[in-house]
Amino acid sequence: MGRWLPRAMGEPRAAAVRAVAAVVLGAGACYCLWRLAAGGRRGQQAAAGAARGPPSDNSPPVSTHTMDADALQKLIHLLQATDDPLIQEQALITLSNSAAFSVNQDIIRNLDGLFVIGGMLSDCIPKVKEKALNALSNLSMNIKNQEEIQIQVLKVLVNLSANPAMTRHLLKAQVPSFLLLFDNYINRDILLRALTFAANLKKNVNNEGGTMIQDQYSEDSVFFTLCRDSTPFAQKLASLLHHPDTEVKEQVVRILTQ
């Protein structure tokens, strides 16, 4: 069986994973538009007239806990091969159910399933994004999976936060547990990306010249955490000023001086 996290340590880290993924979900629709505008939609369309979706013998297997590596790999390839949202949903549901069993969590990671499932968070279809988040949530019960899910999703967030046109959409994302990403126990690379994400957004807000309308943002939003009710966030930053890593401290100073 795969390794399960002790409850006391696993819950905060798993919540941090969900916090990161929730930001992506909040910005998912506009991210998809941004990618289209840049001319780089995931998995370019096959030649005109190509059959849509996989052959009937590629349907997702029904059983979940008894699936072997070949069956799981088949599901992951299915996600990459089709643009049909109904097939994507069913494949993600099956992977999510499989990921509830610890024996499958390492297998899915070793098959690059985290990368493929994480990519579905930027899909235009809300139900597809929801099913992808459910699968990642189950996969995040594994320590190695947690780290990979946070690094992969945060890479997307850092890239998005560097684009001023994405600022308002990212700030509107409702993430009650957003502050969990800024604790000293967080993996250094994950923490650094979270700080870079926050620093980019703060810079973009300042560049707006005070044109942000605060009433547009809920109390659970990223905006409320970073800009409106900044006391808890400031306390987190003050603690991180004592972090042993120089780059982490540089990003903290960057946020505090903006």
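Phe178, Phe182, Phe197 and Phe233 form one aromatic cluster. Before the details, this is a predicted model, with local features needing pLDDT of at least 70 and side-chain atom pairs pLDDT 80 or more, while totals for chains, interfaces and linings use all residues. Residues are numbered from 1 along each chain as its sequence is written, and side-chain values use heavy atoms, with hydrogens and water left out.

Rings of Phe, Tyr and Trp (its six-membered ring) pair if their centres lie within 6.5 Å; planes under 30 degrees apart count as stacked, over 60 as edge-to-face and the rest as tilted. By this rule there are four aromatic pairs. Phe178 and Phe182 have ring centres 5.3 Å apart and planes at 80°, so this pair is edge-to-face. Both residues, Phe178 and Phe182, are buried, meaning under 20% relative accessible area with a 1.4 Å probe, protein chains only. For Tyr217 and Phe223, the centres are 4.2 Å apart and the planes at 20°, so the pair is stacked. Tyr217 and Phe223 are buried too.

Now the helices, which are DSSP runs of H or I, at least four residues, numbered from the N terminus. Which residues of α11 are buried? In this helix, residues 231–240, they are Phe233, Leu237 and Leu240. Seen down the axis of α11, the buried residues fall within an arc of 60°, so they line one face of the helix; the arc is taken from the directions from the axis to the C-beta atoms. The buried residues of α11 pack against α9 (188–207), α10 (222–228) and α12 (246–256), with contact meaning heavy atoms within 4.5 Å.

Methods. Buried < 20%, exposed > 50% of the residue type's maximum accessible area, 1.4 Å probe, protein only. Helix = DSSP H or I, 4+ residues; strand = E, 2+ residues; numbered from the N terminus.
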